[in-house]
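Student: I would like to learn how to read a fold from its coordinates. Could we go through one case, feature by feature?

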Amino acid sequence: MKISYLWLLDCIDLQASPHELRDALSGVGLVVEGVQPAGDDTVLDVEIPSNRPDCLSHIGIARELAAIYDCDLKVTPAKNPEGEGNFPITIEDPKLCRRYSGRVIRGVKITDSPAWIKKRLVAVGQRPINNIVDITNYVLLEMGHPLHAFDLAKLQGPEVIVRHARLGEKLRTLDGMERNLDPERLVIADARDPVALAGVMGGESSEISAASRDLLIESAYFDPGSICRTARHFQMRTEASHRFERGADLQATVPALERCVELILKFAGGSAETKLIDVFPAPLFPPSIALRQERLKLYSVTEVPAQFVERTLARLGFRTEAKDREWTVRPPSHRVDISEEEDLIEEVLRHYGYEKIPSSMPAWKGKGDFLPETEQRLKIAELLRSLGYSETLNWTFIDPDLQASFGYHELPVVLKNPMSTEASQLRTHLAPNLVMTARHNQNHGQERMRLFEIGKTFARQGPEIREKEHVAWVAMGAETRKYWHPEIDPPNYFYMKGVLESLLRGAVLKTPELRSAGARFLNPAQSAEIHVNGECVGYVGSLHPRLQDSLKIKEDLFLGEFDLSALGRSSAGDGVSPVVQSQPAATSTRLALYQPVSRYPGVFRDFSFLVDRKVRFASLMDFISNHPVPNLKRVELIDLYQSEQLPAGKISLAIRLYFESAERTLTDDEVESARDQVVSGLKKEFGVIPR
């Protein structure tokens with residue numbers, strides 16, 4: 001909201017500069033996003049939280065500053081002469097319109113507003129129209145309560161009715177749009193037709209014009225939910241609806257009305273013909289709240305002076321009564337966000353200063369423990385990590401085509417509002433997404449993969465949705481790199497069966513029965529289904545070659561998955577004993593070092609050379625480590641060659657130098673220069689001969 005600095009000074013006795021006000025307001029949670037000059041004025045752009053409608057006005061901001069600087073407001077309630085007549089006002093739904101106040105003014109003259117009113121409206125982004133409309137807008141921005149002026153001559157009959165619209169009724173609002181109404185919309189109507197959309201916008205039929213002489217000034221309170229639904233239905237956002245839908249001040253209708261009448265009589269002439277009309281079917285006042293000093297100290301971890309508490313709350317409009325170490329606090333009607341003791345504590349502490357609260361951890365007096373299924377999950381994850389597997393976390397959403405390609409018999413759960421068509425179902429198993437994760441890693445240069453996931457699966461069973469927890473793991477690629485040393489065999493069915501047995505034994509799970517697999521996504525020659533009590537609860541084996549080809553997976557992929565809840569924990573008769581792990585007598589503190597992974601690609605250079613047979617490769621590595629080379633991250637031996645054709649006493653080695661920078665992509669010249677540094681050093685120290 002835009003706040004005029006000069007306007008603020010009319011509301012509060014204050015000497016601070018605009019930039020000082022910016023810092024002060026930001027410190028209590030009303031962040032000032034900008035301070036801009038506006039002629040001889042300065043405008044503060046204040047971000048008002050959605051739960052603070054009381055600050056959507058100059059007096060609301062002035063009230064906060066009064067608490068910050070401990071100074072007085074300069075706001076005096078308006079008092080106007082009263083006439084003898086009356087004007088009938090009827091509220092048909094007191095739940096949606098709790099209060100409706102109004103006054104009739106006759107004999108006004110429609111002209112331009114005084115220059116100072118127009119200047120202030122322009123400074124905060126409003127367009128001056130005429131003295132009557134400008135005054136209602138001025139009071140709205142000053143006091144925060146919306147008002148509306150009707151041309152009395154354009155109303156049908158001397159009556160205003162607050163009611164629900166009737167089916168088929170229409171209203172042309174002040175923006176020139178014709179609105180089709182329905183019974184869910186609350187309207188202000190004369191004896192015949194709607195003349196305003198309650199709390200949102202007035203109608204053209206009763207608009208103030210140059211010919212207007214007699215006015216009805218409206219000041220009401222409307223239900224926030226009703227205004228929000230109406231504004232959203234018609235896609236309208238006005239200054240009035242913005243305040244009503246956040247919660248207006250129920251007690252502000254009369255003060256705002258009297259302030260508006262005061263300015264109209266002063267700058268438009270006329271006389272207040274009727275006495276104050278205030279239809280208030282069910283007066284409502286905020287209940288008092290107890291604020292305990294012990295509770296305040298618990299949150300602040302310090303002793304906030306009682307004098308500061310009472311002074312701050314009083315400046316903000318609260319009424320307090322102290323007794324022993326407790327205050328009875330009655331919130332003002334404009335603070336619709338205050339309902340409990342914690343709200344009062346927040347009010348005190350944001351003005352006291354959060355920076356004065358010492359940092360400390362609260363004492364833990366409770367007792368925590370894992371649920372049995374959580375212990376089981378953690379144990380299985382620990383076992384898989386000990387077998388060299390890395391944990392992954394995939395979306396519970398899945399591509400329907402991918403899920404269908406695996407041919408599961410469970411009925412999938414289809415989302416009504418998916419993020420995309422490729423994520424429009426919930427997964428019935430973990431394996432499909434895990435397989436795609438393995439493929440993604442393979443396509444990005446990873447030759448060996450050991451991945452696992454523990455998570456929820458979902459399937460439709462009649463009208464209900466069945467939710468289970470599964471564990472799945474996949475393996476692809478040989479255990480070691482294919483360099484000069486012997487290659488270890490890649491994973492196979494027996495390896496995956498061994499992983500399954502390790503999980504069952506280590507996690508103390510029931511021993512299932514393995515049967516030949518019939519699933520179409522498994523290779524029938526290298527797979528088995530896991531059965532418990534005659535029911536299939538999982539599988540282990542290799543991906544079917546046809547599915548592997550369709551998914552464009554380059555190497556054989558092995559996978560396993562089972563339902564944790566179906567296996568459960570073993571009982572005394574299961575014949576499975578838990579694995580007892582010995583604990584070390586004492587542990588020493590170790591410092592874990594961490595380096596972030598580089599965002600930039602690495603580069604490798606291979607270097608082959610002859611070296612004396614007596615030179616150990618470890619000596620070469622030590623030399624390179626002790627003579628730092630720019631951006632050299634890793635050195636690997638990739639080949640060893642011995643032959644009678646080589647010079648006597650010599651062997652041939654090939655090493656791979658891996659370069660990488662955490663700051664940028666390396667150039668070819670930098671990599672070649674670093675490689676030449678390694679080569680020249682090995683030549684000088686060990687007499688190596690490049691090949």
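Tutor: Start with contact, which means heavy atoms within 4.5 Å. Helices (H or I, at least four residues) and strands (E, at least two) are DSSP runs, numbered from the N terminus. Axes are lines fitted to C-alpha atoms, for helices over the stretch in contact, and angles run from 0 to 180 degrees between N-to-C directions. In this case, H2 lies across E2 and E3 and runs at about 160° to E2.
The model is predicted, with pLDDT of at least 70 needed for local features and 80 or more for side-chain atom pairs, while totals for chains, interfaces and linings use all residues. Residues are numbered from 1 along each chain as its sequence is written, and side-chain values use heavy atoms, with hydrogens and water left out.

Student: Which strands make up the sheet that holds E2 and E3, and in what order?

Tutor: Pairing comes before order: two strands pair if DSSP finds at least two bridges between them. Here 3 strands form an open sheet in the order E1-E3-E2, with antiparallel pairing. Its edge strands are E1 (2-4) and E2 (32-38), each of which pairs on one side only. On average, neighbouring strands of this sheet are turned by 25° against each other, direction ignored.
Between E2 and E3 (residues 41-46) there are 6 bridges in the antiparallel sense. Within that pair, Gln36 stands opposite Val43 in E3.

Student: How do I read the side chains along a strand?

Tutor: In a regular strand the side chains alternate between the two faces of the sheet. Burial is then read from accessibility: buried means under 20% relative accessible area, exposed over 50%, and partly exposed in between (1.4 Å probe, protein chains only). E16 runs antiparallel to E18 (residues 326-330), joined by 4 bridges. Val329 in E18 is the bridge partner of Ile289.

Student: How is a helix read, taking H11 as the case?

Tutor: An α-helix has 3.6 residues a turn, so residues three or four places apart point the same way. For length, the expected span is 1.5 Å times one less than the number of residues. H11 (residues 341-352) has 12 residues and reaches 17 Å from its first C-alpha to its last, close to the 16 Å expected. Just after H11, Gly353 takes a positive phi of about 110°.

Student: Why is H11 described as largely enclosed?

Tutor: Because 10 of its 12 residues are buried, H11 is largely enclosed by the rest of the structure. The buried residues include Glu341, Asp343 and Arg350. The elements that the buried residues of H11 pack against are H2 (18-27), H3 (58-69), E16, H9 (293-300), H10 (306-315) and E18.

Student: At what angle do H10 and H11 pack?

Tutor: Two packed helices are described by the angle between their axes and the distance between the axes. H10 and H11 pack at about 100°, with axes 10 Å apart. H10 is therefore roughly perpendicular to H11, a class that covers 65 to 115 degrees, whereas under 35 is roughly parallel, over 145 roughly antiparallel and the rest oblique. Phe308, Val309, Thr312 and Leu313 of H10 meet Glu347, Val348, His351 and Tyr352 of H11. These contact residues divide into 5 nonpolar, 2 polar and 1 charged; Ala, Val, Leu, Ile, Met, Phe, Trp, Tyr, Cys and Pro count as nonpolar, Asp, Glu, Lys and Arg as charged, and the others, Gly among them, as polar.

Student: What does Ser300 touch?

Tutor: Ser300 lies in H9 and counts as buried because its relative accessibility is 0%. Not counting residues up to four places away in sequence, Ser300 touches Leu349, Ile357 and Pro358.

Student: How many strands are in the sheet that contains E27?

Tutor: That open sheet has 7 strands in the order E19-E23-E24-E28-E27-E26-E25, with mixed pairing. E19 (390-391) and E25 (513-516) are its edge strands, each pairing on one side only. Helix H12 (residues 372-386) packs on the sheet and touches E19, E23 (449-461) and E24 (464-476).
E26 (residues 522-532) and E27 (residues 535-543) run antiparallel, joined by 7 bridges. Ser527 stands opposite Gly541 in E27, and His531 opposite Cys536. Their hairpin has 2 residues between the strands, and Asn533 takes a positive phi near 55° there. E27 is also joined to E28 (residues 558-563) by 5 bridges, again antiparallel.
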